[in-house]
Amino acid sequence: MKVGQNRVSVSVLYNKRNGADAGEEGVQELTALKYSRQRESIKNYLCGREDHPTADRIYMDIRREYPNISLGTVYRNLSLLVELGEIRKLTTDGADRFDANLEPHSHFICKNCGCVLDVMIPLENPAPEIDRLWDYGSVEECRLEFRGVCKKCQKNKNRA
């Protein structure tokens, strides 16, 4: 075990999900992270929202609590939280958006304003069946996305 600059490196066995084939024993180096108030604040901010904000929106709002935080720090912490599996990154036609809801769910994306809404309708995940039938690799995840016009945009169109 190596210790240096508030980080501890450890070697561990990793599994199929982390890149090794079944039956293979590989070694991956992990870095224990130092606690960060800013990272915790970003995560808490996302946990309290359902609108799937962009990194720029997060930055603007987090600056109220941490006026000296940089946009780069926000991006790095968002990337780290995604990598750690604590939040999800949603890639849309516009800027990436972030979601702290890790429960299985789908999303609705408005074609007009770009808002992203959770769709909490229970749908059976087809990934295991596709993985069984498809012979081109392994399927680990399935994401279902709905696109249309949100109620707010529909109301605005009806007013015009």
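Histidine 52 is buried, with a relative accessible area of 2%; buried denotes under 20% relative accessible area, exposed over 50%, and partly exposed the range in between, computed with a 1.4 Å probe on protein chains only. The model is predicted, and local features therefore require pLDDT of at least 70, side-chain atom pairs count only at pLDDT 80 or more, and totals for chains, interfaces and linings use all residues. Residues are numbered from 1 along each chain as its sequence is written, and side-chain values use heavy atoms, with hydrogens and water left out. Histidine 52 is located in the loop between helix 1 and helix 2. The phi angle of histidine 52 is near 55°, a positive value in a residue other than glycine.

The protein chain contains 5 helices and 8 strands. From the N terminus on, their order is β-β-β-α-α-α-β-β-β-β-α-β-α. Of the 160 residues in the protein chain, 28% are buried. Contacts are defined by heavy atoms within 4.5 Å. Among contacts in the protein chain between residues at least 6 apart in sequence, 42% join residues at least 24 apart.

In soluble globular proteins, nonpolar side chains tend to be buried together. A nonpolar core is taken here as a set of buried Ala, Val, Leu, Ile, Met, Phe, Trp, Tyr and Cys residues joined through side-chain atoms within 4.5 Å. The largest nonpolar core has 15 residues, of which Ile42, Leu46, Ile58 and Leu78 touch the most other members. At least two residues of this core are supplied by each of helix 1 (37-47), helix 2 (55-62) and helix 3 (71-83). Helix 2 gives the largest share of this core, 4 residues. A second, separate core consists of 5 residues, including Phe108, Cys110, Val119 and Cys153.

Leucine 78 has contacts with Ile42, Leu46, Ala55, Ile58, Ile87 and Phe98, when neighbours within four places in sequence are left aside. Valine 82 is found in helix 3 and is partly exposed, with a relative accessible area of 29%. Not counting residues up to four places away in sequence, valine 82 touches Ile87, Arg88, Lys89 and Phe98. The C-alpha atoms of valine 82 and phenylalanine 98 are 8.7 Å apart in space, and the two residues are 16 apart in sequence. Serine 41 lies in helix 1 and counts as buried at 9% relative accessibility. With residues up to four places away in sequence not counted, serine 41 touches Ile62, Glu65 and Tyr66.

The second largest pocket holds about 560 Å³ of space. On a 1 Å grid over the protein atoms alone, a pocket is an open set of points with protein on both sides within 12 Å along at least five of seven lines, and lining residues have an atom within 4 Å of a point. Grid points are joined across faces, edges and corners, and the volume is the space filled by probe spheres set on the points. The second largest pocket is lined by 23 residues, and those closest to its centre are His105, Ser106, Cys142, Arg143 and Leu144. Strand 4 (88-90) and strand 6 (106-110) each contribute at least two residues to the lining of the second largest pocket, and the largest share, 3 residues, comes from strand 6.

Arginine 143 is situated in the loop between helix 4 (127-133) and strand 8 (145-148) and is exposed, with a relative accessible area of 52%. Not counting residues up to four places away in sequence, arginine 143 touches Arg88, Lys89 and Leu90. Arginine 143 and asparagine 125 are 18 residues apart in sequence, with a C-alpha to C-alpha distance of 8.7 Å. Threonine 91, in the loop between strand 4 and strand 5 (97-99), is exposed at a relative accessible area of 56%. Leaving aside neighbours within four places in sequence, threonine 91 is in contact with Asp96 and Glu145.

A search of the whole structure finds 0 disulfides, a disulfide being a pair of cysteine sulfur atoms within 2.5 Å. The cysteine sulfur closest to that of cysteine 113 is in cysteine 115, at 3.7 Å, too far for a bond. Cysteine 113 is partly exposed, with a relative accessible area of 44%. Cysteine 47 also counts as partly exposed, at 48% relative accessibility.

Key
1 Å grid on protein atoms, 1.4 Å probe; cavity = no way out; pocket = protein on both sides within 12 Å on 5 of 7 lines; lining within 4 Å.
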